[in-house]
Amino acid sequence: MDSLEIRPLTARSVVLSTLLGVHPPRLPARYLVRVGELFGIAEGTIRVALSRMVTAGDLVQSGGTYALTERLLERQARQDEARLPPTRPWDGTWEIAVITAERRPAADRAALRQAMSTLRLAELREGTWLRPANLTRPRPGPVVRQCTFLVGRPEEDPATLAAALWDLDAWTAKAGALRTALAGATTIAARFTHAAAVLRHLLNDPLLPPALLPAGWPGPELRAQYEAFETDFEQLLTTHVLT
């Protein structure tokens, strides 16, 4: 189970996952207390978690309503992208990012690596990142400031290159295990924690064009299974929390 990265259910995780899943991401405290009750978490525990999350910069509070801060709004956007990938037809080209900035401080290097992960680019070698040009998304500031972008095509088999850049077999194996675990979860708490692990795994989906994926790629099925959970959870919120 540890290999699936199933994290313990806490008041903070319940609040955070709930707000990340609603649009706009803000709810009154009384609603978040009711969500906690669905998982057997006491009102006092939820309210303490809310206070600590405000102090930590995760939430902002106004008039008894709690909302995600800018940093977590970016996380919500990444999760939304993982659920509904911004793909476009692939014409065989690859986008290539070459780091051209000099004398970069450690903070800039770390920000760039995080941004490259968000863009789902893979590192071919130090200073060179690439992926098939089948996604439409803006480039974060750290990438624009530090990189020059090119478009090209590999001379070798692109599927072989993709398999070298991403561990597709490992992603497939974990996706299969997560699908089985989520399907077998029977309590709301178990489904919640397993679905959260599924979403984290979808964030690591390289979103390659179908032509570069191995046969039986489980991405669409895993995504559909998560959406089914999300639909059920939204119905639960509507019935027991938001009324």
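Which elements cover the buried residues of α2? The cover includes α1 (11-20), β1 (26-28), α3 (43-55), β3 (65-68) and α10 (219-240). This is a predicted model, in which local features need pLDDT of at least 70 and side-chain atom pairs count only at pLDDT 80 or more, while totals for chains, interfaces and linings use all residues. Residues are numbered from 1 along each chain as its sequence is written, and side-chain values use heavy atoms, with hydrogens and water left out.

- Helix α2 spans residues 29-38, and its buried residues are A29, Y31, L32, V33, V35 and G36 (buried means under 20% relative accessible area, with a 1.4 Å probe and protein chains only).
- Helices (H or I, at least four residues) and strands (E, at least two) are DSSP runs, numbered from the N terminus.
- After α2 comes G40, which has a positive phi near 75°.
- An unreviewed UniProt entry lists residues 11-71 as "domain: Transcriptional repressor PaaX-like N-terminal"; such annotations may be inferred rather than shown by experiment.
- Across residues 11-71, the chain is 57% helix and 18% strand, and 20 Å separate the end C-alpha atoms.

**Nonpolar cores**
- A nonpolar core is a set of buried Ala, Val, Leu, Ile, Met, Phe, Trp, Tyr and Cys residues joined through side-chain atoms within 4.5 Å.
- The largest nonpolar core contains 55 residues, and V15, L19, L50 and L59 have the most contacts inside it.
- Apart from its neighbours within four places in sequence, L50 is in contact (heavy atoms within 4.5 Å) with V15, A29, L32, L59 and Y66.
- A second, separate core has ten residues, among them L112, L119, L121 and W129.

**The four-stranded sheet**
- Four strands make up an open sheet with antiparallel pairing, in the order β5-β6-β4-β7 (two strands pair if DSSP finds at least two bridges between them).
- Strands β5 and β7 (147-152) lie at the edges with a single partner strand each, so one side of each has no neighbour in the sheet.
- Strand β5 (residues 122-125) pairs with strand β6 (residues 128-132) in the antiparallel sense over three bridges.
- R125 stands opposite T128 in β6.
- The hairpin of β5 and β6 has two residues between the strands, and G127 in this hairpin takes a positive phi near 90°.

Notes
Buried means under 20% relative accessible area, exposed over 50%, partly exposed in between (1.4 Å probe, protein chains only).
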